[in-house]
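Work through the exercises below with the sequence and the model at hand. Each task is followed by a stepwise solution.

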Amino acid sequence: MDASSGLPPVPLPPYQPDGSLPPMPLEEVTAKGLIARYEISKQTLYTRLAACGVSGTKRGKQVFFNNEEVFRLDAGHHFLSKGYGLKDLREACAPSPSAPGDELVDVGDPVSSSSPRGVGAPVAELTIAPQQERVVMALTTAVQQALQATAPLPPSDPLRPYRLMQEAAENKYQLTSRSLAEILEISISTIHSWDKVVSRNGFRIRRVGAGRWRVDIEEEVEGQVA
């Protein structure tokens, strides 16, 4: 929407993860990890970072992105796949002209201290100002942990990794390192330490590209060799 019209931008609907992306990373990720996560180019990633108001934290020669920032980029990826444009993301992340710095604003950037106080401003599609975002996320995490502590544990399924690996082999899926770590219930650093070919749990796992793997059933591989 044209900012010169004086009307507020139409907010994006709330983002709900739909399972199309790998699970949220347990640790901070680099730009390389984000490129693999969304299967996009480096230039596309930089464009999305600017549109979503995400800058990461630089340590040494690398920039790291935490869970909050990855979640925002996940939302941007989701909305772009649904037909929204970068302009929609920029408008959703633009500062609200009617909210002070310590109140609710449109997703993303800090609010100018000169902004007038709004009356009756909609808050259903808004999130807390960036300077308070970590506090809100900490409270949200605490609530989620409390709910998980009181919820019954799901039944153990020790054969789950085998079923998923067999499905990947039979359907010739190409798995990301993150997906493979989730299936085998191991750390992503373990995946990164592997050679090009690894045998595990009766399956042969082959690296077919940067952060990309294919799975074969070892008995079938041996039969082909014979």
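**Exercise 1.** What span should the 15 residues of helix H3 (residues 67-81) have at 1.5 Å a residue, and how far apart are its end C-alpha atoms?

Solution. The model is a predicted one. The expected span is 1.5 Å times one less than the number of residues, so for H3 it should be 21 Å. The end C-alpha atoms of H3 are 21 Å apart, which agrees. At the start of the helix, a side-chain oxygen of Asn66 comes to within 3.1 Å of the backbone nitrogen of Glu68. After H3 comes Gly83, with a positive phi near 105°.

**Exercise 2.** How many residues of H3 are buried?

Solution. Buried means under 20% relative accessible area. The count is 11 of the 15 residues, so H3 is largely enclosed by the rest of the structure. Among them are Val70, Leu73, Asp74 and Phe79.

**Exercise 3.** Is Arg37 buried or exposed?

Solution. Arg37 is part of helix H1 (residues 31-38). Its relative accessible area is 12%, so Arg37 is buried. The side chain of Arg37 makes a polar contact with the side chain of Asp74 at 2.8 Å. Residues that Arg37 touches include Leu21, Met24 and Val70.

**Exercise 4.** At roughly what angle do the axes of helix H6 (residues 160-170) and helix H7 (residues 177-184) cross?

Solution. The axes come within 8 Å and cross at roughly 140°. H6 and H7 are therefore oblique to each other. In this contact, Arg160, Pro161, Leu164 and Met165 of H6 meet Leu180, Glu182, Ile183 and Leu184 of H7. The contact residues divide into 6 nonpolar, no polar and 2 charged.

Terms used: Residues are numbered from 1 along each chain as its sequence is written. This is a predicted model: local features need pLDDT of at least 70, side-chain atom pairs count only at pLDDT 80 or more; totals for chains, interfaces and linings use all residues. Side-chain values use heavy atoms; hydrogens and water are left out. Helices (H or I, at least four residues) and strands (E, at least two) are DSSP runs, numbered from the N terminus. Buried means under 20% relative accessible area, exposed over 50%, partly exposed in between (1.4 Å probe, protein chains only). A polar contact is a pair of N or O atoms within 3.5 Å; within protein, one must be able to donate a hydrogen and the other to accept it, and residues adjacent in sequence count only if both atoms are side-chain atoms. Axes are lines fitted to C-alpha atoms, for helices over the stretch in contact, and angles run from 0 to 180 degrees between N-to-C directions. Angles under 35 degrees count as roughly parallel, over 145 as roughly antiparallel, 65 to 115 as roughly perpendicular and the rest as oblique. Contact means heavy atoms within 4.5 Å. Ala, Val, Leu, Ile, Met, Phe, Trp, Tyr, Cys and Pro count as nonpolar, Asp, Glu, Lys and Arg as charged, and the others, Gly among them, as polar. Lists of a residue's contacts leave out its neighbours within four places in sequence.
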